Amino acid sequence: MDLRLEKTKKAIRNAFIELRAKKPLEKITVKELCALACIHKSTFYSHYEDIYALSDAMEQETVSSIISSIDHLKDYTVDRSDEFSREFCLAFMSQISLITIVFSGKEQNHLGNRLDCELKKVIFRKYPEFEHDTEKNILLSYCIQGAYHAYLNNPDADPDTMVRTIEKIVQCLQPLVTTERDS
């Protein structure tokens, strides 16, 4: 990618994060973002349709960053789902400052839904038989969304306690995945 193009995209994203940290998405204008990024509106529109498209791209990048930072993702198996849950929680917590900004306000639930969708894609690549199994999909959503909402609803919880507790829950649910898979 052209260096100028990369610098422009970085300026747009940095300006967005700065504005998003201060106000709700619906209050951010292209005009103020462009002024902060030191670009023209036409430059912004050559990259994004509107503020919501930029927000969507930032959300997707954040989720991709979380997933890509899970150590040994391709090595996990259903019988090691507690280890996967630990790595997922740690990857999530490592991005928390960006998550807090990009997914604040009305966009808060977007993260849980995006994580659910993207993590299932990863899991379905390894276990394609799970994709059309309603029970497995419910179980996966429960674990992913549950971990996310447990974190949201317990912001003052010690990270080690949070991760340990989520690991225990997943260990309890693990027989539902492995027993049915083996039968």
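**Helices and cores in a predicted model**

Visitor: Which residues of α5 are buried?
Guide: This is a predicted model, and burial here means under 20% relative accessible area. In α5, the residues that count as buried are S81, D82, F84, S85, E87, F88, C89, A91, F92 and M93.

Visitor: Are α1 and α4 roughly parallel or roughly perpendicular to each other?
Guide: The axes of helix α1 (residues 3-22) and helix α4 (residues 51-68) come within 11 Å and cross at roughly 95°. Residues I12, R13, F16 and I17 of α1 meet I51, L54, S55, A57, M58 and E61 of α4, and by class this contact has 7 nonpolar, 1 polar and 2 charged residues. Since angles of 65 to 115 degrees count in this way, the two helices are therefore roughly perpendicular.

Visitor: Which element gives the most residues to the largest nonpolar core?
Guide: That core has 43 residues, of which L33, F44 and L111 touch the most other members. Leaving aside its neighbours within four places in sequence, F44 is in contact with residues including I12, L33, I51 and L54. Among the elements that give two or more residues to the core are α1, α5 and α9, but the element that gives the most, with 7 residues, is α4.

How values were computed. Residues numbered from 1 in each chain as written. Predicted model: local features only at pLDDT ≥ 70, side-chain atom pairs only at ≥ 80, totals over all residues. Heavy atoms only, no water. Axes fitted to C-alpha atoms, helices over the stretch in contact; angles between N-to-C directions. Helix = DSSP H or I, 4+ residues; strand = E, 2+ residues; numbered from the N terminus. Parallel < 35°, antiparallel > 145°, perpendicular 65-115°, else oblique. Contact = heavy atoms within 4.5 Å. Nonpolar A, V, L, I, M, F, W, Y, C, P; charged D, E, K, R; others polar. Buried < 20%, exposed > 50% of the residue type's maximum accessible area, 1.4 Å probe, protein only. Core = buried A, V, L, I, M, F, W, Y, C linked by side-chain atoms within 4.5 Å.
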